[in-house]
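The tour below goes from one selection to the next.

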Amino acid sequence: MSAGPSRRSFLITAAALAAASGPLAAGTARAAARVPKVLVIGLDGALLGRIRDAEAPNLDGLMAGGLTSVSSLYSDPLAPTLSGPGWSTVITGVWPDKHLVKDNAFTGNAFARYPDFLTRIETAKPALSTYAVASWAPVTTTIFSSKVDTRVSTPSAEYDAGTTSRAVTELRSGNRDAVFVHLDNIDHAGHSYGAASSQYLAAIRDADAQVGRIVAAVRDRPAHASEDWLIMITADHGHTDAGGHGGSSAPERETFLIATGGGITAGSTRHDIKMPDVAVSALAHLGIPVDPSWNLDGRPLQQPAPDAFDALRGHLGTRVDETGIGAAVLGFTHTPPAGWSVVNNAMGTGGVTEWRGWSFTTDEFWTASERGQGRENNIRARNVFAVADGDEWADRSWSGTFDSTLVTPAWPVRGGSTAVLRYTTYYRQEAPQKGEVLVAYDGGTPVPVKTYTADTSSRTESITLQVPAGATTARISFRYTGGNNWFWTVDAVSLAAS
């Protein structure tokens, strides 16, 4: 991707951006009566931290007027941190293990099974008008399908300036309902000069001015007062300080979402948002229900679903024995949520403090303990999750075995009926390690209902339980046994009547 021509700065104020985004939380009821529309802007290779370092008043205004969320990507062998897998994840609403894009060649993709969100809009509501314009042609020639009303691959000679002008014209004068805009020059600067360079900051400033023009075009629409625009800005991957991406380092895996409009609370920060949520949030805003048979990984940002572990974020502490994790990074606790317990009666002694028994942690903390061992592919856990990590525990002198059990509260059940246990999990195996899921009714003896003795990629498990006659409560236990082996993560645990 070659650098484009220089672009004239065009800045708008934070106040104007807030006006362009539509009413926030207080105006949700009024917004519901207006026509919903969606704008997604992709900033290829952008790092949120560098956006904050740069002079980026338009993006700063959008953050002040909406929500900001930082999240992390996967790594090999699931997929490298490249644009092909990244934009495919954003645009389809599923992770690479479903859309199957592993690189920028898109060979073997599953877009027929998992189409882009504009195609889903066209299928569900063909009367709506969809538009995509991109500086990197594969976005509009390969990821978005021919069902999209208009797809434009900007000529390389025009680059982001041409993409911006086309988007501005469509948004100001057209009547599109869902628009995707891809800008590329931040990524180009990252490759050429590195994310720590002044050139990278200059590219962010240019992109910020272009975002300002695009959002101003929304504000200037004659029908803007009767429209409710959800504006989302995201990235496909990050960059190293020296330049480049594709690996498993934290800067390469970093992505973010800035969102405003659609009833979003101004100035809010979220920790539960993931890349596939962009596509699903666009569908939700346009009133398109997500069919469970679509098997999407995203969930609407408008419908947060925090679990018990997420309540621990404010109680997370800094490292104790770990050395590869930043001293100021908050990311672990052994104290479970209210009603939960961790049983370490048979747990060995010594080892790394952070990982002695089940711990509650975050992606940014856990993956930094040691990279390149697959921890980065715990993609379906959100915010705070539980982990039993025998491998990291054994990095200091230890004795005995790793034997720890995570136990849920006593949840109500109806005797003689069925209940469904759901949780997300990710399990890496090395003998003699074992993971067991057990259930105990009314304080009785726990009985295994699921055993892990082989690698299990990140997934959501659904286990139907036959509740004994007369039972009124059930406790679920997750027992990990092993030693200097691998790990097991659990998140979003629930038990409900089937």
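**Charges over rings**

Start by selecting Arg-120 and Trp-294: the charged end of Arg-120 sits over the Trp-294 ring, at 4.5 Å from the ring centre. Bear in mind throughout that this is a predicted model. Next select Arg-428 together with Trp-486. Here the charged end of Arg-428 sits over the ring of Trp-486, and the distance to the ring centre is 3.8 Å.

**Aromatic pairs**

Now turn to contacts between rings. The model has 24 aromatic pairs. Select Trp-87 and Phe-180 to see one of them: the ring centres are 6.0 Å apart and the planes meet at 85°, over the 60 degrees required, so this pair is edge-to-face. Colour helix 5 (residues 83-92) and strand 5 (residues 178-183) as well. Trp-87 belongs to helix 5 and Phe-180 to strand 5, so the pair ties together parts that are 93 residues apart in sequence.

Move on to Tyr-452 and Trp-488. Their rings form a tilted pair, with 5.4 Å from centre to centre and 50° between the planes. Tyr-452 is in strand 19 (residues 447-452) and Trp-488 in strand 22 (residues 487-497), so this pair ties together parts that are 36 residues apart in sequence. Both Tyr-452 and Trp-488 are buried.

Clear the selection and pick strand 7 (residues 254-260). How many of its seven residues are buried? The count is seven of seven. Show the side chains and look along the strand. In a regular strand, side chains alternate between the two faces of the sheet. In strand 7, Glu-254, Phe-256, Ile-258 and Thr-260 point one way, Thr-255, Leu-257 and Ala-259 point the other way, and all are buried.

Select Ile-233 here: its bridge partner in strand 7 is Ile-258.

Notes:
Residues numbered from 1 in each chain as written. Predicted model: local features only at pLDDT ≥ 70, side-chain atom pairs only at ≥ 80, totals over all residues. Heavy atoms only, no water. Phe/Tyr/Trp six-rings, centres within 6.5 Å; stacked < 30°, edge-to-face > 60°. Helix = DSSP H or I, 4+ residues; strand = E, 2+ residues; numbered from the N terminus. Buried < 20%, exposed > 50% of the residue type's maximum accessible area, 1.4 Å probe, protein only. Lys NZ or Arg CZ within 6 Å of the ring centre and 35° of its normal. Pairing = 2+ DSSP bridges.
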